[in-house]
Structures are given as C-alpha cells and as structure tokens.
Amino acid sequence: MPIVDTHCHATPYWFEPVEILLDQMTRNDVDHAVLIQINGVFDNSYLAECLRRFPGRFAGVGMVDVGSPDAPDRLAEFPGMGLEGVRLNAATRSPGSDPLAIWRKASEVGLIVSTGGQLEAFSSPEFEAIIRELPDLKVVIEHLGAGGRDTEPYDAYKRVLGLAQYPNTYMKIPGLGEICERPNPMVLPFPFAGSIPPLMEMAAEAFGPQRLMWGSDFPPVAFREGYRNALRWPMEHVNWGSDSDRDWVFGNTAASLFRFS
C-alpha cells in the first residue's frame with residue numbers, strides 16, 4: 001500500500017520549504033503528498049517548481065484570487081502548471097451574476113476542489129447546493145469538515161456527513177491531535193486513551209473508506225502531536241473495520257484521485 005499525505009503546506013516564505021517535508025516523508029515511509037496552497041497566497045509558482053523538481057512524489061492544489069476578474073483564466077492555467085486541484089473555502093462565491101462561477105470553472109477544467117472552512121459553512125444548505133448542482137466536480141472536504149469543533153450529539157457534523165450521499169464528495173481525516181484535547185499532565189505513551197471522539201468512525205460509516213483520505217496538516221501538526229504521531233495514531237487507534245479499509249484511507253483513495261505523475 002502506498003502511504004499518501006493529502007494535506008501538506010510548503011513555501012519558502014511561511015512554514016517550511018519542501019525539503020523539510022521530504023525529510024518527514026522519508027523518515028515515516030510516506031510515498032506521496034499533496035501540496036496544498038496556504039490561504040491568501042495566489043502565486044502558485046513554488047508548487048509548480050516542487051512538482052518539476054520531484055516528479056512523481058507530489059500532486060499540487062493551488063489557489064486563485066476569486067474576487068479578481070481574471071480568476072477563471074488563472075484557473076484554466078492550472079493543468080499546464082501540473083496542478084490537479086484548486087483550494088476554495090466552503091463559503092467562497094464569485095462576484096457578478098453567477099456566484100458559482102469559479103466552482104463551475106473548476107469542474108469545466110477538470111480540477112479537484114479541496115475545500116476548507118467552518119463547520120457552519122460545511123453543514124449549510126448552500127454548500128450542499130454546490131455539490132448537488134455540479135455532480136462532475138470532485139470535492140474533497142478538509143479537516144473532517146471542521147467536525148472536531150462540534151460537540152455531542154454532533155448535529156452539525158452529521159449534516160456534513162450527509163454530503164456522503166453525493167458520490168463526488170470525499171473527506172480528509174487528520175491526526176488525533178486535531179480532534180482531541182491535549183492532556184495536562186501528559187499521559188504516556190499514548191495521550192488520548194479513552195478520550196477519542198468517534199468522528200473518524202462516523203466519517204468511515206458515512207463515506208466509506210474509498211472516499212476518505214489521511215492528511216497530516218504539515219507543518220502546523222508540529223504544534224500538536226507531530227508528524228509521525230499524526231500518521232501512526234489514527235492507524236493504530238481508530239477502528240477502520242479491516243486492513244483493506246485502512247489501506248484505502250491512508251493511501252489507496254488518494255492514489256486513485258491524484259495522478260502523482
């Protein structure tokens with residue numbers, strides 16, 4: 001099984017350059033990673049450079065300034081740069097007469113949309129309407145749809161999971177440090193025993209393992225449990241049902257969606 005990290009950030013100006021990510025990947029036997037542009041950066045040349053320098057290792061998801069009149073034209077340039085997706089916020093709407101113009105353009109160009117945002121936006125009827133209206137657009141919901149911010153009985157998160165009825169939707173699962181409180185004092189060797197909310201199992205039941213994919217959130221994950229633990233703890237402490245199901249979540253789903261060519 002290839003291990004694929006579907007949510008990494010790398011820039012020379014904020015966070016870390018790609019070489020630091022490559023070191024973490026090599027140390028933890030991660031075969032491929034998806035480079036996700038950081039919010040507010042619309043120059044995707046560094047992502048394209050990483051794809052050229054390390055062929056087959058990465059896929060790239062860029063961003064555009066949706067408020068700019070030339071945003072659709074910039075989006076049409078992505079395939080030529082080697083980028084396979086665009087990052088849009090769940091609440092993103094285009095100016096002008098068609099608020100879904102940028103979403104439609106992504107579908108037309110054949111891009112995957114990796115979408116971040118707040119729980120309220122993911123669970124809204126307006127976001128569901130986008131997915132329903134553009135059935136050919138593959139939409140990957142980041143960070144469990146912000147479900148870690150919901151509390152039992154998880155009403156808003158369950159509405160996000162309801163999007164699994166649309167076969168063009170996927171979801172990223174993070175490390176446990178993103179959904180669990182850090183114990184103080186720290187419990188060793190595994191700090192979250194007995195306190196893991198069932199959000200990942202709920203996602204697996206809704207989407208199935210073939211539409212779930214792991215993402216580390218490198219390098220912000222260093223402020224939580226760290227890269228290695230963000231990989232191994234969900235592998236070891238979440239009930240995925242079977243080894244085959246786990247293999248889909250940690251590699252095969254992403255390998256079927258992104259080309260890494």
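How many helices and strands does the secondary structure of the protein chain come to? Colour by secondary structure and you will find eleven helices and eight strands, where helices (H or I, at least four residues) and strands (E, at least two) are DSSP runs numbered from the N terminus. This is a predicted model, in which local features need pLDDT of at least 70 and side-chain atom pairs count only at pLDDT 80 or more, while totals for chains, interfaces and linings use all residues. Residues are numbered from 1 along each chain as its sequence is written, and side-chain values use heavy atoms, leaving out hydrogens and water.

The C-alpha atoms fill a box of roughly 55 × 40 × 35 Å along the principal axes. Of the 261 residues in the protein chain, 53% are buried (under 20% relative accessible area, with a 1.4 Å probe and protein chains only).

Now select residues 18–27, which form helix 1. Show side chains for Val 18, Leu 21, Leu 22 and Met 25, the buried residues of this helix. They cover an arc of only 100° around the axis, which puts them on the same side of helix 1; the arc is that of the directions from the helix axis to the C-beta atoms.

Last stop: click on Asp 29, which follows helix 1 and has a positive phi, near 60°.

Methods: Buried means under 20% relative accessible area, exposed over 50%, partly exposed in between (1.4 Å probe, protein chains only).
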